[in-house]
Amino acid sequence: MTALTVRLPNSVHQKIRELAERDEISVNQFIAAAVSEKMASVMTVDYLKQEAAKGSRSDFDRFLNLVPNHPPVAGDEMPNH
């Protein structure tokens, strides 16, 4: 484990304490979970960008053209605005 010193505004620290207490976890656990969630989010965006860069518009159009042109199934219609 690594120890970090983090400076937070008092209001943020207080809210973290309240939320951690509500979830019956320590402030450290709350912060570790929050950081882990943010890391997962950033890594997911990076992954999706990498995968998108591998794609091509012509492949997309080719696959989309393979989809039959049928009316939508009941309940899947576009809403009328």
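The axes of helix H1 (residues 10-22) and helix H2 (residues 27-54) come within 9 Å and cross at roughly 100°. Angles of 65 to 115 degrees count as roughly perpendicular, so H1 is roughly perpendicular to H2. The model is predicted.

**Contact of H1 with H2**

- Two packed helices are described by the angle between their axes and the distance between the axes.
- On the H1 side, the contact is made by Ile 16, Arg 17, Leu 19 and Ala 20.
- On the H2 side, Val 27, Phe 30 and Ile 31 make the contact.
- By class, the residues of this contact divide into six nonpolar, no polar and one charged.
- Arg counts as charged, so Arg 17 of H1 is the one charged residue of the contact.

**Largest pocket**

- The largest pocket holds about 400 Å³ of space.
- Its lining includes Met 1, Thr 2, Ala 3, Leu 4, Thr 5 and Val 6.
- Val 27, Asn 28, Gln 29, Ile 31, Ala 32 and Val 35 also line the largest pocket.
- The lining divides into eight nonpolar, four polar and no charged residues.

**Loop between H1 and H2**

- Glu 24 lies in the loop between H1 and H2.
- Most residues other than glycine have a negative phi.
- Glu 24 is not a glycine, yet has a positive phi of about 55°.
- Glu 24 counts as exposed because its relative accessibility is 73%, and exposed means over 50%.

**Ala 52 in helix H2**

- Ala 52 has its place in helix H2.
- With a relative accessible area of 55%, Ala 52 is exposed.
- From C-alpha to C-alpha, Ala 52 and Leu 8 are 37 Å apart in space, and they are 44 residues apart in sequence.

**Segment after helix H3**

- Pro 71 lies in the segment after helix H3 (57-64).
- Pro 71 counts as exposed, at 68% relative accessibility.
- Pro 71 and Gln 29 are 42 residues apart in sequence and 50 Å apart in space, taken C-alpha to C-alpha.

How values were computed: Residues are numbered from 1 along each chain as its sequence is written. This is a predicted model: local features need pLDDT of at least 70, side-chain atom pairs count only at pLDDT 80 or more; totals for chains, interfaces and linings use all residues. Side-chain values use heavy atoms; hydrogens and water are left out. Axes are lines fitted to C-alpha atoms, for helices over the stretch in contact, and angles run from 0 to 180 degrees between N-to-C directions. Helices (H or I, at least four residues) and strands (E, at least two) are DSSP runs, numbered from the N terminus. Angles under 35 degrees count as roughly parallel, over 145 as roughly antiparallel, 65 to 115 as roughly perpendicular and the rest as oblique. Contact means heavy atoms within 4.5 Å. On a 1 Å grid over the protein atoms alone, a cavity is a set of points where a 1.4 Å probe fits but cannot get out, and a pocket is an open set with protein on both sides within 12 Å along at least five of seven lines; lining residues have an atom within 4 Å of a point. Grid points are joined across faces, edges and corners, and a volume is the space filled by probe spheres set on the points. Buried means under 20% relative accessible area, exposed over 50%, partly exposed in between (1.4 Å probe, protein chains only).
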